[in-house]
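Colleague: I am new to this one. Please walk me through it, feature by feature.

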Amino acid sequence: MKSRSIKVDYLARVEGEGGIQIKVQDKVVTDVRFDIFEPPRFFEAFLRGRMFTEAPDITARICGICPIAYQMSSIHAMESACGVSVTGQLRALRRLIYCGEWIESHALHIYMLHAPDFLGYQDVLQMAKDHGDAVKQALKLKKTGNELVALVGGREIHPINVRVGGFYRLPTKQELNALVDRLKWARDAAVDTVRLTATFPFPDFEREYEYVSLRHDNEYPFNEGRLISNKGLNIPISEYENNFAEEHVSYSNALHSVLKGRGAYHVGPLARFNLNFDRLSPVAKEAATAAGLTLPLNNPFKSIVVRSVETVFACEEALRIIQEYEMPEKPFVDVHPKAGVGYGCTEAPRGFLYHRYRLNEKGLIMDAKIIPPTSQNQKTMELDLREFVPPRLNLTQEKLTWQCEQAIRNYDPCISCATHFVRLDIR
Amino acid sequence: MKKERKPKLAIWKFSSCDGCQLSLLDCEDELLAVAENIEIANFPEASRLVVKGPYDLSLVEGSITTPHDAERIHQVRRSSKVLVTIGACATAGGIQALRNFKDVREFTSIVYATPSYIETLNKSTPITDHVFVDFELRGCPISKVQLVEVLSAFLNGRKPTTPTYSVCLECKRRGTVCGLVTHGPPCLGPVTQAGCDALCPSYHRGCFGCFGPKETPNTPSLAEYWKGLGMKNLELLHLFRSYNAYAESFRKESEAHEK
């Protein structure tokens, strides 16, 4: 009996605190744990008794990397509970700020967290010594996304301008126009990024996933749509909890999500790309095709190329929105509280983020449920490792460990998010 | 001439959202220059490389919420010449300190199906409750400008110049019309420390206290003023009890409206 174990105590280049443990016995993987030890923060619990208008600012604090996702899912949930729908330019501005978050978050992950794995560097600063121009371009690309978030949202991290019903202050056309040249540059830089990442050496690894993402009638999804999968799921977001379940496991402070009766599923760029390729903008489609991406795309390591394609899309979409922008008369629509339940589901950079709130007639939150993308991917990440490891047991410990880390980083896991949601136990 | 050793910087995470340490990566224009002058010796969010301590400067993000972290912060302190806390979690316990006002056992069962798997302390506490802190950088999130100032100050052996006065001064400097005078939305500006450049008032909303209490804040007087304009106890409680809820003056003020 030959046993071997691969252990990463503190996984680097991800957001938050987690580790990996893999046990192998006679060339068979006997145990895989993506171990989350980030301490829990109990957001669902202390949201109880707060006003519905506070949810966007409070839930933003779940994650410093994707606060817009939390703000968007929570405001849509509150508006759905109160029977309000926000349309026109206000709706477009919400897509615009989301474009900013996708650009900055994707640029961060592509260049600073993931590319060093493909190119054999410990981090982006080491990488900068040999690839100075690419890193400078990356920083500028990321900065463009941050500038867009800061302009519409007030600041990059925990923006202050998003509210239930709309915004506190509207950007002027002139302010938005000032970003056009930079966004055009960013779009071209993102196309370069697709080209660059497509040349990376990809491990030969594919799996049959059930991909789940939002699908909208005529847009690549941000804030609205139905939840669909490549295996026949097609539900309104309010049906989420009837179709998905969460499991609490001893080694993790995050819950594992599963599709009822079917098990693990895959959310994020790869899922969106496979399910919504036809909704991508022209330049993004062209860049994807030129990079040789074909459907179905089942190699999770290629998610880095898909993130680059989505960055192209986000730049193009931002440019389109700015071009069509006309400043509305009022920055928000009035939302009066109503007793009831509201659902919100939006596409965070790493996959869809589900919120559900029950409000009383005064607008106080009676209970809350938040399911972030990382917990939904957790089981899939573990299953990937189970298949990834056995054919690679001839690698040195150092090399295999690094490749396992890289396989987890395919999902851009956000562990800070993953620990804070959790199951609402109705007993 | 012998090349001088670059000072070693370490970044540590406790209970937090990662936003404050992300601020360092968000310094897109300064990052490469920073890396030329200091050795980033421990920064797991950005690098697999871990260089052993001791460290010349440690930035600590997050609050203490587990028995393990209450131990770990002492190791961090021992390996750091200078320890600076970054953000509202590290300086005041953060939003997760809302648990401090409730029974945490009730919280775990609301959130997790099997609460026995969860190890957590009753209270979320700031770093300074556990070890000596050389300097505290406020904010939820911190300001990038202040972060670069702190790095540059400590690496040059001087004190950082970050103001302890209120948001009001920044508002005046920006020329924003005062919401208190014009009966705009409730604003914590007069009792909140500056650092955000009075962001919210310039976006037509009241300050909600991201940078925590300023030096010598008169919170009862401000609360009385808003009460006079018709604000309810619950609203006042929520206003003072958010991202810096466990900072002493905000905590006392929120408790005063808990009836």
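Colleague: How many residues does the contact take from chain B and from chain A?

Modeller: First, keep in mind that this is a predicted model. As for reading an interface, its size is often given as the accessible area lost when the parts come together. Here we count residues in contact instead. The contact takes 47 residues from chain B and 51 residues from chain A.

Colleague: Now chain A alone. How many helices and strands are there in chain A?

Modeller: Chain A has 15 helices and 13 strands. Its radius of gyration is 21 Å, close to the 22 Å that the globule rule gives for 427 residues, so chain A is as compact as a globular protein of that length. Along the principal axes, the C-alpha atoms of chain A fill a box of roughly 70 × 55 × 35 Å.

Colleague: What share of the residues of chain A count as buried?

Modeller: Of its 427 residues, 57% count as buried. Sequence separation is another thing to read. Take the contacts in chain A with a separation of 6 or more: residues 24 or more positions apart account for 73% of them.

Colleague: Which domains does the domain assignment give for chain A?

Modeller: Domain 1 covers 3–36, and domain 2 covers 43–418. The centres of these two domains of chain A, taken over C-alpha atoms, are separated by 25 Å. In their contact, 20 residues of domain 1 of chain A meet 25 residues of domain 2 of chain A.

Colleague: Which strands each supply at least two residues of the side of domain 1 of chain A that touches domain 2 of chain A?

Modeller: Strands E1 (3–8), E2 (18–25) and E3 (28–36) of chain A do. The largest share of that side, seven residues, comes from E3(A). By class, the side of domain 1 of chain A that touches domain 2 of chain A has 12 nonpolar, two polar and six charged residues.

Colleague: Is the pairing of the sheet E1-E2-E3 of chain A parallel or antiparallel?

Modeller: The general idea comes before the case. Strands of a sheet pair through backbone hydrogen bonds, either parallel or antiparallel. In chain A, E1-E2-E3 is the order of an open sheet of three strands, and the pairing is antiparallel. E1 and E3 of chain A are the edge strands, each pairing on one side only. On average, neighbouring strands of this sheet are turned by 10 degrees against each other, direction ignored.

Colleague: Over how many bridges do E2(A) and E3(A) pair?

Modeller: They pair over eight bridges, in the antiparallel sense. A:Gln25 stands opposite A:Val28 in E3(A).

Colleague: Which helix packs on the sheet, touching E2 and E3 of chain A?

Modeller: That is helix H13 (residues 373–388) of chain A, whose direction makes about 145 degrees with that of E3(A). Helix H14 (residues 397–409) of chain A lies across E1, E2 and E3 of chain A, at about 55 degrees to E1(A).

Colleague: Back to chain B. Which residues are buried in helix H10 (residues 233–240) of chain B?

Modeller: An α-helix has 3.6 residues a turn, so residues three or four places apart point the same way. In H10(B), the buried residues are B:Leu236, B:Leu237, B:His238, B:Leu239 and B:Phe240. The buried residues of H10(B) pack against helix H9 (219–228) and helix H11 (248–256) of chain B.

Terms used. Residues numbered from 1 in each chain as written. Chains lettered and ligands numbered in written order. Predicted model: local features only at pLDDT ≥ 70, side-chain atom pairs only at ≥ 80, totals over all residues. Domains from an automatic or database assignment. Contact = placed C-beta atoms within 7 Å. Helix = DSSP H or I, 4+ residues; strand = E, 2+ residues; numbered from the N terminus. Nonpolar A, V, L, I, M, F, W, Y, C, P; charged D, E, K, R; others polar. Rg over C-alpha atoms; globule rule 2.2 N^0.38 Å. Buried ≥ 20, exposed ≤ 12 C-beta atoms within 10 Å, placed from the backbone. Pairing = 2+ DSSP bridges. Axes fitted to C-alpha atoms, helices over the stretch in contact; angles between N-to-C directions.
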